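The points below may be read in order, with the structure at hand.

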Amino acid sequence: MSDTVPRSPAPLPPGAPVTVRLIKAGREKVRYAATVTADDGVRVTVTAPWSLPHTRDFGFVAFAPGDVFTEHYWRDRWFAVKEVRGPQGGLKGWYCDVTRPVAVAGGELVSEDLDLDLWVSADGGTVLRLDEDEFAASGLAKRDPDAAERAARALDELEALARRAGGLAPLLR
């Protein structure tokens, strides 16, 4: 990560405000405010509203103002899982980003997106692997073969978990 933040094993207190920074290809893609709901020193869970003022329709789901994201980041895993609920609390599903382990320091969570994603619908009936073409075109396999291998394994792991009975729920307990 070109924008490295020192990793801290110290848990963040529930209720603490944090800034989530999503980095892609060395550049900040988005930054938004969130609130820590839990941190056990390995997994940090935050909540945040949809950060854009407009709806983004992906075809299989639309994220819109009023949606609430409960985001799970790991200091030791190569992915993040974001539970998405509509304004009335109804579960839309889980958007999973393949990332390097999150860096936590100075009131910031910095997550480096590695292009691979997985969408799991609320009923678990739809599991979609996303952006594999972007991942292949990113050049990560040449620049950092170890990271590329870890990213591919992380996507496979997420998909396997999503397709099991209970879906992603056991991972997020």
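1. The largest pocket. In this predicted model, the largest pocket has a volume of about 510 Å³. Its lining is made up of 28 residues, and those closest to the centre of the pocket are Leu-22, Lys-29, Trp-50, Arg-56 and Lys-82. Rolling a probe the size of a water molecule over the atoms shows where empty space is left.

2. The strands around the pocket. Which strands each supply at least two residues of the lining of the largest pocket? They are β1 (17-24), β2 (27-39), β3 (43-49), β6 (68-74), β7 (79-85), β8 (91-99) and β10 (108-121). Strand β10 provides the largest share of that lining, namely five residues.

3. The pairing of β1 with β2. Strands β1 and β2 are paired in the antiparallel sense, with eight bridges between them. Within this pair, Leu-22 stands opposite Val-30 of β2. Leu-22 is also one of the residues closest to the centre of the largest pocket.

4. Ala-25 has a positive phi of about 55°, although it is not a glycine. Is Ala-25 buried or exposed? Its relative accessibility is 71%, and therefore Ala-25 counts as exposed, the cut-off for that class being over 50%.

5. The pairing of β1 with β10. Strand β1 also runs parallel to β10, and six bridges join the two. Two facing positions may be located here: Arg-21 stands opposite Val-110 in β10, and Lys-24 stands opposite Asp-113 in β10.

6. How many of the residues of β10 are buried? The count is 14 of 14, so that the strand is mostly covered; a residue is called buried when its relative accessible area is under 20%. Strand β8 pairs with β10 in the antiparallel sense over six bridges. In that pairing, Gly-93 is set opposite Ser-121 of β10.

7. Strand β9 (residues 103-105) pairs with β10 in the antiparallel sense, over three bridges. Ala-103 stands opposite Val-110 in β10, and Val-110 also has Arg-21 opposite. Two residues lie between the strands of this hairpin, in which Gly-106 takes a positive phi near 55°.

8. The hairpin of β10 and β11. Strand β10 is joined to strand β11 (residues 127-130) by four bridges, and the two run antiparallel. Val-120 faces Val-127 of β11 across this pairing. Here five residues lie between the strands, and Gly-124 takes a positive phi near 75°.

9. Asp-131 lies in the loop between β11 and α1 (132-137). Its phi is near 65°, which is a positive value in a residue other than glycine. With a relative accessible area of 24%, Asp-131 is partly exposed.

10. Arg-85 is found in strand β7, one of the strands that supply at least two residues of the lining of the largest pocket. The relative accessibility of Arg-85 is 30%, and for this reason it counts as partly exposed. Arg-85 and Arg-100 are 15 residues apart along the chain, and their C-alpha atoms are separated by 25 Å.

11. The length of helix α3. Helix α3 (residues 145-163) has 19 residues, which at 1.5 Å a residue should span 27 Å. The C-alpha atoms at its ends are 27 Å apart, in agreement with that expectation.

12. Which residues of α3 are buried? They are Ala-147, Ala-148, Ala-151, Ala-154, Leu-155, Leu-158, Glu-159, Leu-161 and Ala-162. Seen down the axis of α3, these buried residues fall within an arc of 165°, and they therefore line one face of the helix. An α-helix has 3.6 residues a turn, so residues three or four places apart point the same way. Pro-145 and Arg-163, on the other side of α3, are exposed.

Technical notes:
Residues numbered from 1 in each chain as written. Predicted model: local features only at pLDDT ≥ 70, side-chain atom pairs only at ≥ 80, totals over all residues. Heavy atoms only, no water. Expected span 1.5 Å × (residues − 1). Buried < 20%, exposed > 50% of the residue type's maximum accessible area, 1.4 Å probe, protein only. Arc of directions from axis to C-beta. 1 Å grid on protein atoms, 1.4 Å probe; cavity = no way out; pocket = protein on both sides within 12 Å on 5 of 7 lines; lining within 4 Å. Points joined across faces, edges and corners; volume = space filled by probe spheres on them. Pairing = 2+ DSSP bridges.
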